[in-house]
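Dear colleague,

I am handing over the structure below, and after it I set out what was found. Please read the notes alongside the coordinates.

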Amino acid sequence: MSHPLPSVFNCSNDMALAANVDQYIPPKRIQQMETDLASLSCCWDGTRFAGPWGWSRAMRKRYIQMGVDQSLLPSLQWIGHVRQLSSRQYACQYIQDLLSDIDDSRLIGRDMRFCHTVEDARIWVEANGIDTAIYKLPWSSSGRGVFVSQDTDARDMERLSGFVRSQGGFAMDRYYTGKTLDFAMEFFVGNGGITEFLGYSVFHASDGGTYGYNVVASQQQLLRQIDVDPELLQRLIDYHVIHLPSTIYRGPIGIDMIKVIGHDGRACVHPCIEINLRMNMGILALLLYERYGDSCPIFLTPPDGRTFYAAVEDGRLQIKVRRGI
């Protein structure tokens, strides 16, 4: 957007995209999180990231209710396109195109695909000898709508049938037991389709995808933690810089990845676990280090009297929950 908008921490954005309505009401706990962490938006307000955490029909309606001129807001058509790009179905296609373009045995993720029926998943699991798979709703966040299944049974199949009924399908992938690191590449696609690589982020997520924390550190420190061939990483960056601006989306993008140690002891990279077309905790961690270096304040939002607060402790950016809640 050419005119900065008031920044909003709407962490329910992925759920709002799934609902695809003008008036979306998140679950009460998520409402509480957004209320308690509202001041977190000050961390990116006034920067080129100014605006909402993410775009949806509901967020557009919220700005209108705030009195923002509609001419400053993206159209419903634009938001509809971004909704499709934010689906994991797009990420499934994106990674297959990437792996076709970059032929490197250290890149994994060829089993990642989108299924419109439960039968598609069953056939794929059996044909590729997948013992343990991870299944994900097209739109969900922080581990919601994600589950890991070993020898997918009737109960799991029924759960997947629910995914099909609610969101038209699901993404699936081989579950990698050798994961040693979660990390991401962060980008900004500006007007004119010029894509800038912002940097790497390192974070922790549970086996089921629940977010834990982001590391707030220098790029040199993060690269030492990632410990992957720089030449391979640069090839991935170059690919993204060329292909990310091919859509209508403009704004921040995070591409989540994992590092996996195979049975042969070799380090491999899954180059596209998720594509987040929105603000994210990785970019927030980059902004915090740029602003404060190693002296980031502990409390980013007031902790007193709130259920949730954001803090940086021991170099870890976290959303904390008060004890006893």
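The protein chain in this predicted model has ten helices and eleven strands. Its radius of gyration is 19 Å, close to the 20 Å that the globule rule gives for 325 residues, so the chain is as compact as a globular protein of that length. The C-alpha trace spans about 55 × 50 × 45 Å along its principal axes, and buried residues account for 54% of the 325 residues. Of the contacts between residues at least 6 apart in sequence, 65% join residues at least 24 apart, while the accessible surface comes to about 15100 Å², with 49% of it belonging to carbon and sulfur atoms.

Turning to the strands, β10 (residues 308-313) pairs with β11 in the antiparallel sense over six bridges, and β11 (residues 316-321) also runs antiparallel to β7 (residues 211-215), to which two bridges join it. Arginine 316 in β11 is the bridge partner of valine 215, and glutamate 313 stands opposite arginine 316 as well. The hairpin of β10 and β11 has two residues between the strands, and aspartate 314 there takes a positive phi near 55°.

A separate site is serine 87, which is found in the loop between α4 (76-86) and α5 (88-101). Serine 87 counts as buried because its relative accessibility is 4%, which falls under the 20% cut-off. Its side chain reaches the backbone nitrogen of glutamine 89 at 3.0 Å, and, leaving aside neighbours within four places in sequence, serine 87 is in contact with Pro138 and Trp139.

Best regards

Technical notes. Residues numbered from 1 in each chain as written. Predicted model: local features only at pLDDT ≥ 70, side-chain atom pairs only at ≥ 80, totals over all residues. Heavy atoms only, no water. Helix = DSSP H or I, 4+ residues; strand = E, 2+ residues; numbered from the N terminus. Buried < 20%, exposed > 50% of the residue type's maximum accessible area, 1.4 Å probe, protein only. Polar contact = N/O pair within 3.5 Å; in protein donor to acceptor, adjacent residues only side chain to side chain. Contact = heavy atoms within 4.5 Å. Pairing = 2+ DSSP bridges. Rg over C-alpha atoms; globule rule 2.2 N^0.38 Å. Areas by Shrake-Rupley, 256 points an atom, 1.4 Å probe, with all protein chains shown as cover.
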